[in-house]
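Colleague: I've got a model open and I'd like to learn how to read its features. Can you walk me through a few?

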Amino acid sequence: MKFLNSLIFVTLLFCGCRKSSSTTTYMNTATIKGQNLTTTACGGAYWITIHGATDSLAQFNTLPAGSGIDLTTATFPINIKLNWHNIPGNACNVIVIDAMALD
C-alpha cells in the first residue's frame with residue numbers, strides 16, 4: 001500500500017509539472033518602420049520590412065489582439081517576429097499579421 005501511495009504521488013507530481021507545448025514558431029522577422037503618410041488607393045496604414053532571403057517592403061493596417069503594441073504611441077522602428085499572409089487579389093502588397101512577438 002505504501003508503494004502504491006508513493007507511485008500515485010510521483011505520478012501526480014510529474015503530471016502537474018509538465019510544460020505547455022503551445023510555443024509559437026514564427027516564419028519571419030520584420031521591422032515596423034512607421035506610419036504610411038501617403039494617400040494612395042492601397043490603404044496600408046503602416047510600413048513594414050519583412051526580412052528573409054531579400055527584404056520586402058509591405059504595408060499592414062492592424063496588429064493581432066494582445067500584441068502589446070499601441071501603434072499610435074509607439075516609437076519606430078520596432079523589431080518583431082511574425083507570421084503573416086497576403087490578402088488575395090491585393091496588388092498593393094498589404095499583408096495581414098496573424099501572430100507576432102517583439103524580437
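Modeller: Let's begin with the rings: there are two aromatic pairs in the structure. Rings of Phe, Tyr and Trp (its six-membered ring) pair if their centres lie within 6.5 Å; planes under 30 degrees apart count as stacked, over 60 as edge-to-face and the rest as tilted. Tyr46 and Phe76 make a tilted pair, 6.4 Å centre to centre with 35° between the planes. That pair links distant parts of the chain, 30 residues apart: Tyr46 sits in strand β2 (residues 46–51), and Phe76 in the loop between β3 (56–60) and β4 (78–86). Strands (E, at least two residues) are DSSP runs, numbered from the N terminus.

Modeller: Before we go on, this is a predicted model: local features need pLDDT of at least 70, side-chain atom pairs count only at pLDDT 80 or more, and totals for chains, interfaces and linings use all residues. Residues are numbered from 1 along each chain as its sequence is written, and side-chain values use heavy atoms, leaving out hydrogens and water.

Colleague: Which residues form the aromatic cluster?

Modeller: Tyr46, Phe60 and Phe76 form one cluster.

Colleague: Is Tyr46 buried or exposed?

Modeller: Buried means under 20% relative accessible area, exposed over 50%, partly exposed in between (1.4 Å probe, protein chains only). Tyr46 has 9%, so it counts as buried. Phe76 comes out at 26%, so that one is partly exposed.

Colleague: Now the strands: how many bridges join β1 to β2?

Modeller: Two strands pair if DSSP finds at least two bridges between them. Here β1 and β2 run antiparallel, joined by six bridges, and Gly34 stands opposite Trp47 in β2. β1 also pairs with β4, again antiparallel, over five bridges; there, Ala30 faces Ile80 of β4.

Colleague: What does Thr31 touch?

Modeller: Contact means heavy atoms within 4.5 Å. Thr31 lies in β1 (residues 28–35) and is buried at 8% relative accessible area. Not counting residues up to four places away in sequence, Thr31 touches several residues, including Trp47, His51, Pro77 and Asn79.

Colleague: And which side chain makes a polar contact with Thr31?

Modeller: A polar contact is a pair of N or O atoms within 3.5 Å; within protein, one must be able to donate a hydrogen and the other to accept it, and residues adjacent in sequence count only if both atoms are side-chain atoms. For the Thr31 side chain, the partner is the side chain of Asn79, at 2.9 Å.

Colleague: What joins the side chains of His85 and Asp98?

Modeller: A polar contact of 2.9 Å. His85 belongs to β4 and is partly exposed at 35%.

Note on methods:
Helix = DSSP H or I, 4+ residues; strand = E, 2+ residues; numbered from the N terminus.
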